[in-house]
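Reader: Could you walk me through this model and the rules behind its labels? I like to see each value next to its cut-off.

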Amino acid sequence: MMLALRESIVINRKPSLSIGGKQVEAIERARDGTACAYSAYHSTKGIPASARGHREELSIAMRVLGSGYLTTCLQIKYYRQDDQSHCEWGARLHCIELDCTSVEGRLVTVDRETYRKLGIES
């Protein structure tokens, strides 16, 4: 999963990142005067399949040093490992872009979310 932050705040050190309540390593991939891009790996191994018609919430939380906390949530569905039919018509998520601002150094506000799938923008 790639997470790109376009922000009016500056990240000086490696942020603390958790996905689904588990700490994961955030690897900085790019940085310029207006944005930072990080990637992280989230394993779904061992997570039971979602009930029919039900979606799960996957929380993403990042402590941005000197700027505060960023939180967002994805609505996802887990499928059985042997269920390949959804892979045939579904699109693979490549990147989530978050345009952010910082409020008084405590909370990072997400102003806009962009989800990029491989070859498709939505």
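**Labels and their cut-offs**

Author: Let's begin with arginine 80 and aspartate 82, which are both exposed. Exposed means over 50% relative accessible area, buried means under 20%, and partly exposed is in between, using a 1.4 Å probe and protein chains only. This is a predicted model, in which local features need pLDDT of at least 70 and side-chain atom pairs count only at pLDDT 80 or more, while totals for chains, interfaces and linings use all residues. Residues are numbered from 1 along each chain as its sequence is written, and side-chain values use heavy atoms, with hydrogens and water left out.

Reader: What makes arginine 80 and aspartate 82 a salt bridge?

Author: A salt bridge needs a side-chain nitrogen of Lys or Arg within 4 Å of a carboxyl oxygen of Asp or Glu. Arginine 80 and aspartate 82 have N and O at 3.1 Å, so the pair passes. Side chains of opposite charge can pair when their charged atoms come close.

Reader: How many salt bridges does this rule give?

Author: The count is three. Another of them joins arginine 116 to glutamate 97 at 2.7 Å, N to O. This pair links distant parts of the chain, 19 residues apart, with arginine 116 in strand β9 (residues 107-117) and glutamate 97 in strand β8 (residues 93-103). Helices (H or I, at least four residues) and strands (E, at least two) are DSSP runs, numbered from the N terminus.

Reader: Why is glutamate 97 called buried, and what is arginine 116 called?

Author: Glutamate 97 has 19% relative accessibility, so it falls on the buried side of the cut-off. Arginine 116, at 24%, is therefore partly exposed.

Reader: Which residue forms a salt bridge with arginine 112?

Author: Aspartate 99 does, with the closest N and O atoms 3.0 Å apart. Here too, distant parts of the chain are linked: arginine 112 is in strand β9 and aspartate 99 in strand β8, 13 residues apart. Arginine 112 is partly exposed because its relative accessibility is 48%, whereas aspartate 99, at 16%, is buried.

Reader: Which residues touch the most other members of the largest nonpolar core?

Author: Leu17, Ile19, Met62 and Leu70 do, out of 18 residues. Two or more residues come from each of β2 (16-19), β5, β6, β7 (68-76) and β8. β6 gives the most, with four residues. A nonpolar core is a set of buried Ala, Val, Leu, Ile, Met, Phe, Trp, Tyr and Cys residues joined through side-chain atoms within 4.5 Å.
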